[in-house]
Amino acid sequence: MLKARVIVPALVALMGTLGGAAAEVFPDKPIRLVVASAAGGASDIVSRLMADKLTQSLGQPVVVEAKPGANGNIAAELVAKSPADGYTLMMGTIGVLAINPSMYKNVRFDPLRDYAPVARLVSFSNMLVVTPSLPVKSVEELIDYAKANPGRLRYGSPGAGGSPHMAMVVFGQTTGTDLVHVPYKGAAPALTDLMGGHIDFAFSDPLLTLPHVRAGKVRALAVSGNARLASAPEIPTVAEAGVPGYAVSGWLGIVAPAGTPQDRIAKLNAALNDALASPEVHAKLVEQGSAVVPGTPEEFGAFIRSEFFRWKKVVDEAKLVAD
């Protein structure tokens, strides 16, 4: 009996320890990855690639949930106010995390305070494309045409504050052209109207746009970044095409609500970096015009901060205000 009295408490303690360890397993239920834009754009495409790989590596479903509206501000506020447990993530964009807070009047989230950076994923140039009916075949011809027709050329974007919009703002400032902005509720609708001739030109993400360039539905003049795309090396940069010093790139990365436990952030970061290193995912992203950018949560946090202040200066100087 004495032995039993000693052994039983020991077993109870051991079982409690094991139970506590089991309770700490992460993840033990589905994770939702909130996308702040409509289906079909770069955020959606990259989110689904990442979700598939994370589902395999983490052993739990990672469900992509589209929450478009207010150029991503609706999704951003939702995620900022979600439980900080690692089960709600957001595909962050340059617009949501670096531009919107300086442009929109009533933004109810702070990108430098309300999120825990998880991993930066990709950077990408936007592709300067025109409707085939526009009589220009180079950046220089586009600039000349715009100057000869001030206030008449209409360009589309997925919404005020995203990288396609800001790429065009910088383009207009740099070239001294008067251009009319037509915002849409996503990259896909803007590209559809461009192909239909309802707008004249746009900066559009290459993941979505390059197949239509190949099919001849839009004409590519240049890319916005400081290097040509590996998947389309024949297309020059805007700087190479006649606007020296011009360079604007978009980017995507995943964040969680502030306060998410660091061990969970670390596990998600490792899984995302493994996904980026997958030959299948890496090849698909490069083919579609993105540069893969793995790294630590700390590196991503520092990058968000630098981008926030860079774009705040651009927004303030251009006096850009959105409701």
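The model is predicted: local features need pLDDT of at least 70, side-chain atom pairs count only at pLDDT 80 or more, and totals for chains, interfaces and linings use all residues. Residues are numbered from 1 along each chain as its sequence is written, and side-chain values use heavy atoms, with hydrogens and water left out. The largest pocket has a volume of about 460 Å³, and the second largest pocket holds about 190 Å³.

**Terms for the voids**

- The search runs on a 1 Å grid over the protein atoms alone. A cavity is a set of points where a 1.4 Å probe fits but cannot get out. A pocket is an open set with protein on both sides within 12 Å along at least five of seven lines. Lining residues have an atom within 4 Å of a point.
- Grid points are joined across faces, edges and corners, and a volume is the space filled by probe spheres set on the points.
- Helices (H or I, at least four residues) and strands (E, at least two) are DSSP runs, numbered from the N terminus.
- Ala, Val, Leu, Ile, Met, Phe, Trp, Tyr, Cys and Pro count as nonpolar, Asp, Glu, Lys and Arg as charged, and the others, Gly among them, as polar.

**Largest pocket**

- Its lining has 29 residues, and Ala 36, Ser 37, Ser 43, Asn 71 and Pro 158 lie nearest the centre.
- Helix H2 (42-58), helix H4 (94-103), helix H6 (163-175) and strand S10 (249-257) are the elements that give two or more residues to this lining.
- H4 provides the largest share, three residues.
- The lining of the largest pocket splits into 14 nonpolar, 13 polar and two charged residues.

**Second largest pocket**

- The second largest pocket has a volume of about 190 Å³. It is lined by 14 residues, of which Ser 125, Arg 228, Leu 229, Gly 289 and Ala 291 are the closest to its centre.
- Strand S4 (115-125) and strand S11 (290-292) each supply at least two lining residues. S4 gives the most, with three.
- Six nonpolar, seven polar and one charged residues make up the lining of the second largest pocket.

**Cavity**

- The count comes to one cavity of 30 Å³ or more. The largest cavity has about 70 Å³ of space.
- Of its 13 lining residues, Ala 187, Ala 190, Ala 202, Phe 203 and Ser 204 are the closest to the centre.
- Strand S6 (154-157), H7 and strand S8 (201-204) each supply at least two residues. H7 gives the most, with four.
- The cavity lining has nine nonpolar, three polar and one charged residues.

**Helix packing**

- Axes are lines fitted to C-alpha atoms, for helices over the stretch in contact, and angles run from 0 to 180 degrees between N-to-C directions. Contact means heavy atoms within 4.5 Å.
- Helix H7 (residues 187-195) and helix H8 (residues 206-214) have axes that come within 10 Å and cross at roughly 20 degrees. That makes H7 roughly parallel to H8. Angles under 35 degrees count as roughly parallel, over 145 as roughly antiparallel, 65 to 115 as roughly perpendicular and the rest as oblique.
- Ala 187, Ala 188, Leu 191 and Met 195 of H7 meet Leu 208, Thr 209 and His 212 of H8. This contact has five nonpolar, two polar and no charged residues.
- The axes of H4 and H11 come within 8 Å and cross at roughly 40 degrees. The H4 contact with H11 has eleven nonpolar, one polar and two charged residues.
- The axes of H6 and H11 come within 11 Å and cross at roughly 55 degrees. That makes H6 oblique to H11. Met 166, Val 169, Val 170 and Gln 173 of H6 make the contact with Trp 311, Val 314, Val 315 and Ala 318 of H11.

- Most residues other than glycine have a negative phi, and most peptide bonds are trans.
- The peptide bond from Phe 26 to Pro 27 is cis, with omega near -5 degrees. Pro 27 sits in the loop between helix H1 (2-23) and strand S1 (31-35).
- Asn 71 has a positive phi, near 55 degrees. Asn 71 lies in the loop between strand S2 (62-66) and helix H3 (73-80).
- Lys 319 has a positive phi of about 55 degrees. Lys 319 is in the segment after helix H11 (297-318).
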